[in-house]
Amino acid sequence: MNTQQLIKKLNWFYSLELNQVELYQTQSKTVNDIYLKNLLERVSKIEQGHVDNISDYIFKLGGKPTLLGEVAAPVTGVIAGRVSGWAGIINMLKSDIILEQKAIADYQDLVLKVSDKDLFNLLWSNLIDEDLHTAWFARKVEELAAMAGVKQ
Ligand SMILES: [Fe+2]
Ligand SMILES: [Fe+2]
């Protein structure tokens, strides 16, 4: 992978992460549960850390962080109105999990292709954060489904 290809790839992550910052920020404002509200706020801050580390690296390569339009569309469609009740929260978290899993798969793909040690560590660190987010979301979905007596 040459530098231009790598910058392009990193801009994909930059866009995805930036969308996640906004997504979790918005979700945090749309839920009533205080724990979930704070958790989403915290996750949004972690995603902001990813935006920052990716954009720093793009600058380091001589590029410019650029928001790619094709990433924005599916994400923004997810946030529609106020989320309430267990069913609404389960649906919200399930779409969050899909997005996190997409990020994980893409990080896993890129981490195998990079030779630079700093980038390698950065990608691993972001990847693990996404996995932690996914694990919490999945646990919450299970918990809510069990409380509501529905099978997921
Ligand atoms: Fe992230
Ligand atoms: Fe995440």
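Trainee: Which residues have the most contacts inside the largest nonpolar core?

Mentor: Start with the general idea: in soluble globular proteins, nonpolar side chains tend to be buried together. Keep in mind that what we have here is a predicted model. Its largest nonpolar core has 15 residues, and those with the most contacts inside it are L10, F13, Y14, I54, Y57 and I58.

Trainee: Which elements give two or more residues to this core?

Mentor: There are four entries on that list: α1 (3-30), α2 (34-60), α4 (85-111) and α5 (117-148). The most comes from α1, which gives 6 residues. Besides this core, and apart from it, lies another one of 7 residues, including V83, I89, L93 and F137.

Trainee: Let me step back to the whole chain. How many helices and strands does the secondary structure come to?

Mentor: You'll find 5 helices and 0 strands. Going along the sequence, the pattern reads α-α-α-α-α. The radius of gyration is 16 Å, close to the 15 Å that the globule rule gives for 152 residues, so the chain is as compact as a globular protein of that length. If you draw a box around the C-alpha atoms along the principal axes, it comes to roughly 50 × 25 × 25 Å.

Trainee: And what share of the residues counts as buried?

Mentor: That would be 27% of the 152 residues.

Trainee: Can we pick one residue and follow it? Is Y14 buried or exposed?

Mentor: Burial is judged by counting neighbours, and 20 or more other C-beta atoms within 10 Å is the cut-off for buried. Y14 has 25 C-beta neighbours inside 10 Å, so it counts as buried. You'll find Y14 in helix α1.

Trainee: What does Y14 touch, leaving out residues up to four places away in sequence?

Mentor: Y14 touches V51, I54, S55, I58 and P65. Here's another thing to look for: Y14 and L67 are 53 residues apart along the chain, yet their C-alpha atoms are separated by 7.0 Å. Now try L10, again without residues up to four places away: L10 touches I54, Y57 and I58.

Trainee: Now the helices. How do I read a pair of them?

Mentor: Two packed helices are described by the angle between their axes and the distance between the axes. Take α1 and α2: their axes come within 8 Å and cross at roughly 160°. An angle over 145 degrees counts as roughly antiparallel. That makes α1 roughly antiparallel to α2. The crossing of this pair, α1 and α2, is left-handed.

Trainee: At what angle do the axes of α1 and α4 cross?

Mentor: Roughly 160°, and the axes of α1 and α4 come within 12 Å. So α1 and α4 are roughly antiparallel to each other. The crossing where α1 passes α4 is left-handed.

Trainee: Which residues in α1 and α4 meet?

Mentor: On the α1 side, look for K9, F13, L16, Q20 and Q27; on the α4 side, they meet M92, L99, A103, D106 and L110.

Trainee: One more pair: how are α4 and α5 arranged, parallel or antiparallel?

Mentor: Here the axes come within 8 Å and cross at roughly 155°. That makes α4 roughly antiparallel to α5. For handedness, α4 and α5 form a left-handed crossing.

Terms used:
Residues are numbered from 1 along each chain as its sequence is written. Chains are lettered from A and ligands numbered from 1 in the order in which they are written. This is a predicted model: local features need pLDDT of at least 70, side-chain atom pairs count only at pLDDT 80 or more; totals for chains, interfaces and linings use all residues. The radius of gyration is taken over C-alpha atoms; the globule rule is 2.2 Å times the number of residues to the power 0.38. A residue is buried if 20 or more other C-beta atoms lie within 10 Å of its own, exposed if 12 or fewer, and partly exposed in between; C-beta atoms are placed from the backbone. A nonpolar core is a set of buried Ala, Val, Leu, Ile, Met, Phe, Trp, Tyr and Cys residues joined through C-beta atoms within 7 Å. Two residues are in contact if their C-beta atoms, placed from the backbone, lie within 7 Å. Axes are lines fitted to C-alpha atoms, for helices over the stretch in contact, and angles run from 0 to 180 degrees between N-to-C directions. Angles under 35 degrees count as roughly parallel, over 145 as roughly antiparallel, 65 to 115 as roughly perpendicular and the rest as oblique. A crossing is left-handed if the near helix is turned anticlockwise from the far one by less than a right angle, and right-handed if clockwise.
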